[in-house]
Amino acid sequence: MTHRETDDTEIDRLIEGHLDGTLGDTDEARLGRLMTESAGVAGRFAKAVLVHDRLVDLLRVETAASAAGLGGDSTVPPPAASRSLSLRLTLPLGVAAALAVGLLVLLLRPAPANASANASAALERLVRASVAVTDRHYAIRVVDHGPGGKSDPVLSDSGGRKPGVDGARLFVRGADKFVFVRTFADGTALVNGCDGTIGWSVPPTGHVHLSQDPRRFRRGIPGERDDLPFLSFADALAGFRKGYALNLVDVPDAGGRLRIDAVRTDHRHRGPARATIHFHATDVGPERIEFAGLSEEGSGAESVVLELVDRAELPADFFDHAHHHDEARPVDWE
Amino acid sequence: MNERLRQVTREWTLAQPAVAAFLTSVVRDFRERDDLLQEVAVAVLESFDRYDRSRPFVPWAIGIARNRVGTWLRTRHRARVTFDSVAVERLAAAFAAIPADDYRRLDRLGECLGLLDGRARKLCELRYRDDLKPAAIAPLVGMTANTVAKALQRVRDRLRECIEREPGLA
């Protein structure tokens with residue numbers, strides 16, 4: 001039967017059934033065929049989807065606001081232009097604003113009913129938000145050096161010892177670009193990074209090292225051997241999906257700030273024993289991450305805190321090695 | 001925020017409902033829709049310099065979304081995919097052709113939602129907030145799956161009629 005022989009009631013039945021996922025394969029195929037044959041059917045379908053799609057967002061906004069303790073109430077309808085309102089909240093952040101529009105949808109995803117499921121949903125939002133092409137700058141602080149205590153500072157780039165992570169700076173863009181700066185006691189810096197394709201290491205002097213392996217210069221950095229490589233927040237946060245009990249906590253008097261507490265439940269997992277992730281309900285990434293009980297074979301640090309310094313847009317070439325050394329430096333491929 | 005970002009933000013804000021609805025029509029799974037929407041937002045930002053400003057933005061953005069959907073369809077061999085590439089093309093054209101006023105009317109939907117009676121509202125919440133299909137909703141409201149599906153259709157009809165009315169008469 002072609003669209004000419006199919007009346008509007010039947011077309012509406014197919015469209016509505018498709019929207020609710022109740023059509024069988026035969027009817028689904030028929031709807032697809034009708035749309036290929038008729039722009040009118042496709043137009044009718046598109047108009048039906050508009051309301052369907054907006055209902056998803058309207059009702060999920062309420063749920064997310066309620067889950068985040070932002071005053072949402074499932075019995076009260078949301079403001080007519082809640083999507084626009086949400087945009088106004090997000091745009092002044094100064095991050096890549098166009099992306100925030102898309103990310104907002106993710107941040108306002110519905111959270112399931114219980115605290116653990118809410119935490120999982122919030123974690124998923126953070127994982128996805130961390131993939132965004134926004135620049136973030138974190139300061140790293142070791143809060144517990146472990147049973148061996150604080151190591152002696154590494155005075156300079158000699159003898160093969162690398163500086164510790166205490167006081168290091170981490171710059172990230174999206175899921176695959178980072179610059180990690182550690183400082184020797186003499187004030188010079190070891191800068192490791194990845195431009196998304198090439199891993200690189202720029203010591204204070206001598207040869208610059210490049211590798212086609214983006215992970216090549218991540219070794220020795222806390223988290224790398226803990227299955228939670230926090231140079232990529234998306235990967236690190238995703239690591240909490242398995243082997244951890246998660247709990248979403250609404251931080252009182254913190255202006256919409258939330259916290260995910262993660263406690264390792266699977267001891268075959270090499271990740272930290274505990275982690276706490278602080279973030280804002282309308283934000284696009286974690287503001288503070290605390291890792292406690294890191295494995296001994298990692299950086300040596302027992303507990304590490306990463307704190308967001310700012311989200312200022314970095315130069316376009318900031319994640320290229322060339323940005324961090326002068327042109328005369330010899331470059332070696334590994 | 002620089003001027004380029006300001007411009008792409010302004011254009012994307014207006015286009016996003018159309019792009020989101022287009023993706024929902026093809027993908028259906030709301031989470032996958034969100035993932036794709038994010039990918040499209042990134043692609044729009046990255047490609048904005050190539051956008052011809054003499055042409056309307058929404059069709060251009062939907063074109064990017066259509067390409068992403070094409071890739072998604074190719075990588076989802078095991079997923080239940082309803083529409084072939086020709087149908088997706090048709091849909092992209094249909095969403096691009098919807099007048100801007102129709103999108104603006106959607107802003108009244110929240111108000112209209114607030115006018116629903118208890119049971120209609122409950123059905124909407126179960127369907128859209130909790131992402132349940134009619135068969136899963138049925139035992140929660142003491143109805144058959146078929147009755148739930150018909151009730152949802154009526155609710156959406158009422159909402160469509162409501163947003164078509166003059167502002168203030170919702």
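1. Helices α8(B) and α9(B) are roughly perpendicular to each other, because angles of 65 to 115 degrees count as such, and in this predicted model the axes of α8 (residues 134-141) and α9 (residues 145-164) of chain B come within 8 Å and cross at roughly 100°. Axes are lines fitted to C-alpha atoms over the stretch in contact, with angles running from 0 to 180 degrees between N-to-C directions, and helices are DSSP runs (H or I, at least four residues) numbered from the N terminus.

2. On the α8(B) side, B:Pro134, B:Ala135, B:Ile137, B:Ala138 and B:Val141 meet B:Ala145, B:Val148, B:Ala149 and B:Leu152 of α9(B), where contact means heavy atoms within 4.5 Å. By class, this contact has nine nonpolar, no polar and no charged residues, with Ala, Val, Leu, Ile, Met, Phe, Trp, Tyr, Cys and Pro counting as nonpolar, Asp, Glu, Lys and Arg as charged, and the others, Gly among them, as polar.

3. B:Arg68, placed in helix α3 of chain B, is partly exposed (between the 20% limit for buried and the 50% limit for exposed), with a relative accessible area of 33%. Leaving aside neighbours within four places in sequence, B:Arg68 is in contact with B:Leu36, B:Glu39, B:Val40 and B:Ala43.

4. Residues are numbered from 1 along each chain as its sequence is written, and chains are lettered from A in the order in which they are written. Local features need pLDDT of at least 70 and side-chain atom pairs count only at pLDDT 80 or more, whereas totals for chains, interfaces and linings use all residues, and side-chain values use heavy atoms, with hydrogens and water left out.

Methods. Helix = DSSP H or I, 4+ residues; strand = E, 2+ residues; numbered from the N terminus. Parallel < 35°, antiparallel > 145°, perpendicular 65-115°, else oblique. Buried < 20%, exposed > 50% of the residue type's maximum accessible area, 1.4 Å probe, protein only.
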